[in-house]
Amino acid sequence: MSTTVDLVQALKNELKNARMTYADLARSLGMAESSVKRMLAKSDMPLSRVDAICRALKMDFAELARRVADAQPLLRELTLEQEKAVVRDKKLILVAISVLSQWTLEQIVGAYRLSEAECIACFAQLDRIGIIELRPLNRYRLKLAKTFRWRPHGPVMNFFRDNVVLDYYSGGFDGPAEGLLLVHGSISRALAPSFLERLQRVAQDFAQQHQTDQKLSPDDREGYTLLLGMRNWEFEAFTRLRRH
C-alpha cells in the first residue's frame, strides 16, 4: 500500500478537482485554515482525519485508495523472485498471459479447463506477486506498463525457450495475416538502435490495438502472437566455418 504522502497527494488532487479551497476544507473540518495548510504540507495526519476529509469531498476511503493505486508507476519489468513465482505453476502462467491480454475471469474460464475457483485463486496469486491489483467482483487492474517485458534471461523467458519456441516456429506462418521474415545484414552500429526502437513501437502499437479492440465482440477478434527480435548473431554452424 502507498505511504501517507501518496494519500495526502491524492487528497490534494481531489480538492483541486472539486475546486475546494483550504478555507472551504477548514470550515468543513472545524479547523483553522492555517492548521489545514500545515497538516497537508507536512503530509502527516491520522486516518481519522483522512476519513473526515473524504467525507468533505463526498467520497469514501476505498475510492481514495483506488485513486492512489491508479497513480502508482506501472512496472516495466518484474523482479527475479516475482518471475520465479509465476513459473511455478503452468495454470498460473496461463492466467498471467491471459491478464496481460486483459481477459476477464469469464473469458478465461470459458476458454480453458479452469474452474472459476482455480482462476480466482490464480488472480489472488498474481495480486500478491504484483502483476495485478485484484478488485471487487473479481475484476482487476493490470499493474504493468505498455512497455513491459519479461526479463531477457529470467525464469519466464527461459520457460518459453524450453517449452514454447519450437512449438511457435513449427507453424507454416502461411495463414491469414501471418508471416515470418528472416532478414540478415550488416548495418552501421550507430543506426542499429533506431531499428530496435521501430520494433518497440510496433509492439506498442499492437498492444494499443489490442486494448482498443476489446470493445468488439469475440467473434470479430482473433488471437495473434507477435514475436519481434533483433540481435547481433550468427548461426553457430556458420561461425564454426569462419577463418580465424
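Glu-106 and Arg-139 meet through their side chains in a salt bridge, with N to O at 3.3 Å (a side-chain nitrogen of Lys or Arg within 4 Å of a carboxyl oxygen of Asp or Glu). Because Glu-106 belongs to helix α8 and Arg-139 to strand β2, the pair ties together parts 33 residues apart in sequence. Glu-106 is partly exposed at a relative accessible area of 47%, and Arg-139 is partly exposed at 40% (buried is under 20%, exposed over 50% and partly exposed in between, with a 1.4 Å probe and protein chains only). Helices (H or I, at least four residues) and strands (E, at least two) are DSSP runs numbered from the N terminus.

The model is predicted: local features need pLDDT of at least 70, side-chain atom pairs count only at pLDDT 80 or more, and totals for chains, interfaces and linings use all residues. Residues are numbered from 1 along each chain as its sequence is written, and side-chain values use heavy atoms, leaving out hydrogens and water.

Arg-139 also touches Glu-133, a residue of strand β1 (132-135). Glu-133 counts as buried, at 17% relative accessibility. Leaving aside residues up to four places away in sequence, the contacts of Glu-133 include Ala-69, Asp-127 and Lys-143 (contact means heavy atoms within 4.5 Å).

The salt bridge count comes to eleven. One of the pairs is Glu-77 with Arg-151, at 3.5 Å from N to O. This pair links distant parts of the chain, 74 residues apart: Glu-77 is in the loop between α5 (61-70) and α6 (80-86), and Arg-151 in the loop between β2 (139-142) and α10 (155-163). Glu-77 is partly exposed at 34%, as is Arg-151 at 26%. Another pair, Asp-24 and Arg-27, has its closest N and O atoms 2.4 Å apart. Both residues lie in helix α2, three residues apart, about one turn of the helix. Asp-24 is partly exposed at 28%, whereas Arg-27 is exposed at 61%.

Helix packing can be followed at α7 and α9 (116-129), whose axes are 10 Å apart at an angle of about 75°. That makes the two helices roughly perpendicular (65 to 115 degrees; under 35 is roughly parallel, over 145 roughly antiparallel and the rest oblique). Residues of α7 including Leu-92 and Val-95 meet residues of α9, among them Phe-123 and Leu-126.

Most residues other than glycine have a negative phi. Arg-19, in the loop between α1 (4-17) and α2 (22-29), has a positive phi of about 55° and is exposed at 76%. Gln-102 has a phi near 65° and is partly exposed at 24%.

Key. Axes fitted to C-alpha atoms, helices over the stretch in contact; angles between N-to-C directions.
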